[in-house]
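Keep it brief, and give the cut-offs along the way.

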Amino acid sequence: MLQVDRPTYSRLLELLESHPEVRLTETTSPAGTLTFEQCGRRRVLRYGQETLGGLIEIEDNNPLVCADDVSIPNAAATLLWVALGPLFRAGLILEPPVFQTNAPEAPLPPELEVEGAFEVEEGGSVYAGQAMAVVPTLDDWGDIDLLYEEAYGRSFYVRRIQDGDWHPSLVSNRPFAAYRIRLTPDDHRSLLTVQVMADKEGKCGACQVVHTLNVMAGFEECLGIPDSW
């Protein structure tokens, strides 16, 4: 049983209270952190508006299992990584991409050199974003699909929803992010637009924290994460 200090984040606390492999201690973790004891080691998971860790679906999980101090991306950075992570990893982004989101204004991954724009939008449980990146014009555009399939095809918490209405209800009260891709081809360079959205308590919030905790602790990835709420 994993000994976890009680978090200050109320939704995260609710999830951990029902997690089958977690026992909450009387100690309270500092705001924006989740501290736990495992095999005699004190380990820290950092989350919140200022954090800029990597997306778990893009990173190698092995370092997470060994690390004593891990950060996950804030909500805006999470959406951006979902949208462009596979392109960035493949080295296909030719110039600084543009990203627009209604997630709270926060740092974005400096390695993407993105030009970000934040839109103030009150209410609602879903954060959405749109990323536009210039990429080389490929002989076979199926190669782009393969990059995203390689990154997310086996993922619990990132899903491609290419067809049908693009509506917040697709991810509202759900633990996963959704994305879809649109291509505007040209002779040498083409524009790839990726729309992405996630519930602020799902992939953009407490569910991503629990997912990362599960990987760090060596649990099943979906343990303690509800399919909906």
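Buried means under 20% relative accessible area, exposed means over 50%, and partly exposed lies in between (1.4 Å probe, protein chains only). This is a predicted model: local features need pLDDT of at least 70, side-chain atom pairs count only at pLDDT 80 or more, and totals for chains, interfaces and linings use all residues. Residues are numbered from 1 along each chain as its sequence is written, and side-chain values use heavy atoms, with hydrogens and water left out.

**The chain as a whole**

The chain has five helices and 11 strands. Helices (H or I, at least four residues) and strands (E, at least two) are DSSP runs, numbered from the N terminus. The radius of gyration is 18 Å, close to the 17 Å that the globule rule gives for 229 residues, so the chain is as compact as a globular protein of that length. That radius is taken over C-alpha atoms, and the globule rule is 2.2 Å times the number of residues to the power 0.38. Along its principal axes, the C-alpha trace spans about 60 × 35 × 30 Å.

Buried residues make up 47% of the 229 residues. The accessible surface comes to about 10,900 Å². Carbon and sulfur atoms hold 48% of that surface. Areas come from the Shrake-Rupley method with a 1.4 Å probe; for residues, only the protein chains shown count as cover. Contact means heavy atoms within 4.5 Å. Among contacts with a separation of 6 or more, 63% join residues 24 or more positions apart.

**Pockets and cavity**

Rolling a probe the size of a water molecule over the atoms shows where empty space is left. The search uses a 1 Å grid over the protein atoms alone. A cavity is a set of points where a 1.4 Å probe fits but cannot get out. A pocket is an open set with protein on both sides within 12 Å along at least five of seven lines. Lining residues have an atom within 4 Å of a point. Grid points are joined across faces, edges and corners, and a volume is the space filled by probe spheres set on the points.

| Space | Volume |
|---|---|
| Largest pocket | about 260 Å³ |
| Second largest pocket | about 210 Å³ |
| Largest cavity | about 40 Å³ |

The largest pocket is lined by 18 residues. G48, Q49, N74, A75 and C204 lie nearest its centre. The elements that give two or more residues to this lining are α3 (75-90) and α5 (206-217). By class, the lining has 11 nonpolar, five polar and two charged residues. Here Ala, Val, Leu, Ile, Met, Phe, Trp, Tyr, Cys and Pro count as nonpolar, Asp, Glu, Lys and Arg as charged, and the others, Gly among them, as polar.

The second largest pocket is lined by 13 residues, with A128, G129, Q130, Q195 and V196 nearest its centre. Strands β6 (98-101), β8 (126-136) and β11 (189-199) each give two or more residues to that lining. β8 gives the most, with four residues. The classes come to six nonpolar, six polar and one charged.

The structure holds one cavity of 30 Å³ or more. G54, I56, E59, L64, V70, S71, I72 and T212 line the largest cavity. Four of its lining residues are nonpolar, three polar and one charged.

**Buried positions**

In helix α1 (residues 10-17), the buried residues are R11, L12, L13, L15 and L16. They pack against β1 (2-6), β2 (22-28), β3 (33-38) and α5.

T193 is in strand β11. Its relative accessibility is 4%, so T193 counts as buried. Beyond its neighbours within four places in sequence, T193 is in contact with Q130, A131, M132, R180, I181 and R182.

**Loop and tail residues**

C39 is in the loop between β3 and β4 (41-46). Its phi is near 55°, a positive value in a residue other than glycine. At 77% relative accessibility, C39 counts as exposed.

N173 also has a positive phi, of about 60°, although it is not a glycine. N173 is in the loop between β9 (158-160) and β10 (177-184). At 30% relative accessibility, N173 counts as partly exposed.

S228 is in the segment after α5. At 45% relative accessibility, S228 counts as partly exposed. Which residues does S228 touch, not counting residues up to four places away in sequence? They are N173 and R174. The C-alpha atoms of S228 and N173 are separated by 5.4 Å, with the two residues 55 apart along the chain.
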